[in-house]
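Hi everyone, thanks for coming. Have a look at the sequence and the structure on the screen, and I'll talk you through a few things.

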Amino acid sequence: MKVFHALADALAEHGVDTVFGLMGNANLLYLPAFADAGGRFVPVAHEAGAVAMADGYARMSGGVGVASVTHGPAFTNTLTALVEGVRSRSRVLLITGDPPPVPTHFHQFDIAAVTTAAGAGYERVHGAASLVADLNRAVQRIVAEQRPVVLNIPIALMQAEAGEQAPVALPVAPGSLAAPGAEALDGALGLIGSAKRPLVLAGYGAAAGGARDALVELADRTGAALATTVLGKELFAGHPRDIGIFGSLAHSAAGAVIAEADLVVAFGASLNMWTALNGDLFRGKKVVHVDTDPARFGSYTPADAPVAGDARRTAEVMNTLLEQAGVTAANSAWAQRVAGKLAGYAPEDDVDDRGGPDTVDIRTAMIRLDRVLPAERTVVSDIGRFDVGVWPYLRVADPLHFTVMGGFGSIGLGLAGAIGAAAAGAGRPVIAAVGDGGFMMHLSEFTTAVRQRLPLVVVVLNDGAYGAEHYKLDHHGYDPAYSAFDWPDLAGLATAMGARALTVRKAEELDAVGELLPALDGPLLVDVRLDPDVNLVRY
């Protein structure tokens with residue numbers, strides 16, 4: 001058996017059912033072999049799309065997403081998406097390879113050095129006989145280190161005889177930190193016991209760690225308000241003291257609760273600049289910070305009581321110790337005040353609709369779309385000025401059904417990430433929220449969704465400009481038209497590519513999405529027209 005056949009078989013034995021990639025000499029043989037053996041190869045238009053799709057696939061499937069590219073410029077084309085995966089701690093395997101061992105070959109490139117600079121792990125297949133062992137090591141590192149790994153399989157090995165290989169070894173996830181003991185929690189429990197207006201804040205780590213029930217119990221024992229970061233959104237949906245997103249996207253009722261709180265107990269959240277509003281929201285408050293990674297303590301927001309521990313296990317121990325101390329329903333007046341502030345709140349309360357004759361207010365549009373879509377949905381968002389009108393209003397049934405392709409701050413990866421999420425096939429419709437600039441950056445990947453017949457709804461929030469720059473130019477006294485783009489008709493482009501399309505200039509026109517969704521056999525593009533002069537972001 002040749003190495004390329006052995007690689008295809010080993011990937012399948014590792015449970016890989018989908019590979020996103022762009023063919024070239026380095027992967028020309030194993031990709032067809034993988035597909036012939038029953039795997040799914042998703043051919044993409046650009047190598048960055050392959051990695052972003054593998055990333056989206058990994059985030060929504062819970063497994064490892066695999067991307068395959070050839071050597072030289074194919075690898076360098078992946079770098080922005082690779083760094084996004086690194087910053088988002090994504091489980092991605094990127095397979096590439098050195099070109100023929102000819103010093104003058106124009107694709108010669110130091111893959112290891114650039115991979116290291118990107119922050120990803122690097123592994124190399126050292127010889128034909130070590131192929132499976134080297135692949136095992138790469139996959140194990142992805143799971144253990146929670147970051148992408150680049151596997152370099154030199155093209156010179158592909159047609160060598162594989163010979164006898166090590167058996168495929170499935171990766172073993174690292175165990176959770178042991179539950180902290182009473183002594184380690186002494187400072188944190190002291191702050192919780194003395195707080196009069198506590199607030200429990202959950203991030204993605206708490207959601208992914210299954211900490212919801214333990215955190216709700218903690219909040220009910222202490223009368224705390226409940227809040228999340230953006231990536232933990234909807235974790236506490238339905239609880240009478242759930243204030244929603246904590247930070248720069250907090251709604252008016254939440255803002256009042258945050259201002260009054262005297263203690264924030266954060267679980268699995270980085271407490272970054274957006275959550276902390278550059279530190280403003282934590283001034284005058286005590287902070288307990290629980291995280292599995294002690295390196296995060298103080299990175300953005302100082303903690304009065306840092307606790308290294310798993311969110312769920314730590315909250316469970318806290319509950320046990322508080323019960324032993326007789327704390328069952330503290331701060332009832334605060335709990336009632338929080339619930340009262342939230343009881344009459346509706347998302348429309350904060351919307352001073354600024355739609356025009358041919359444009360919609362993004363907040364009104366998303367509130368309408370939220371009601372039209374089925375409750376069980378996956379939402380994959382790009383980043384841009386539009387986010388402030390999408391994230392608070394377009395909900396999900398589970399925080400793990402929402403993700404943002406924005407760890408590196410690069411616009412344009414959201415569409416490919418959503419394609420990967422749709423390919424993961426979780427049985428939920430996938431909604432991609434993207435800006436017009438980011439969509440046009442990777443327009444070619446829309447054809448991938450068409451070719452794969454993915455039932456994907458791509459909502460383009462279209463203000464005809466790079467929105468943040470539009471506002472900033474105007475703020476600095478320059479003509480914002482420098483940031484404007486006269487795009488072609490997006491609905492026409494989508495139709496020409498073989499997709500369904502809608503152009504939305506009135507919020508009620510979004511009702512058609514709900515009518516079309518059940519029968520979708522491919523992507524639907526929804527071009528939502530916005531006024532570039534309407535700005536909701538504080539810069």
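I'll start with the whole chain, then go to one strand, and finish with one glycine.

A quick word on the ground rules. This is a predicted model, where local features need pLDDT of at least 70 and side-chain atom pairs count only at pLDDT 80 or more, while totals for chains, interfaces and linings use all residues. Residues are numbered from 1 along each chain as its sequence is written, and side-chain values use heavy atoms, leaving out hydrogens and water.

Okay, the overall picture. Along the principal axes, the C-alpha trace spans about 75 × 60 × 45 Å.

How much of the chain is buried? Of the 539 residues, 54% are, where buried means under 20% relative accessible area, exposed means over 50%, and partly exposed is in between (1.4 Å probe, protein chains only).

Now find strand E16, residues 456–462. Seven of its seven residues are buried, so E16 is largely enclosed by the rest of the structure. In a regular strand, side chains alternate between the two faces of the sheet. Here, both faces are covered: Leu456, Val458, Val460 and Asn462 are buried on one side, and Val457, Val459 and Leu461 on the other.

Which strands pair with E16? One is E15, residues 430–435, which runs parallel to E16 and is joined to it by six bridges. Within that pair, Val430 sits opposite Leu456. Another is E18, residues 524–529, also parallel, over six bridges. There, Val460 has Asp527 as its bridge partner. By the way, two strands pair if DSSP finds at least two bridges between them.

Last stop: Gly175, in the loop between strand E6 (149–152) and helix H8 (186–194). Is Gly175 buried or exposed? Exposed, with a relative accessible area of 67%.

How values were computed:
Helix = DSSP H or I, 4+ residues; strand = E, 2+ residues; numbered from the N terminus.
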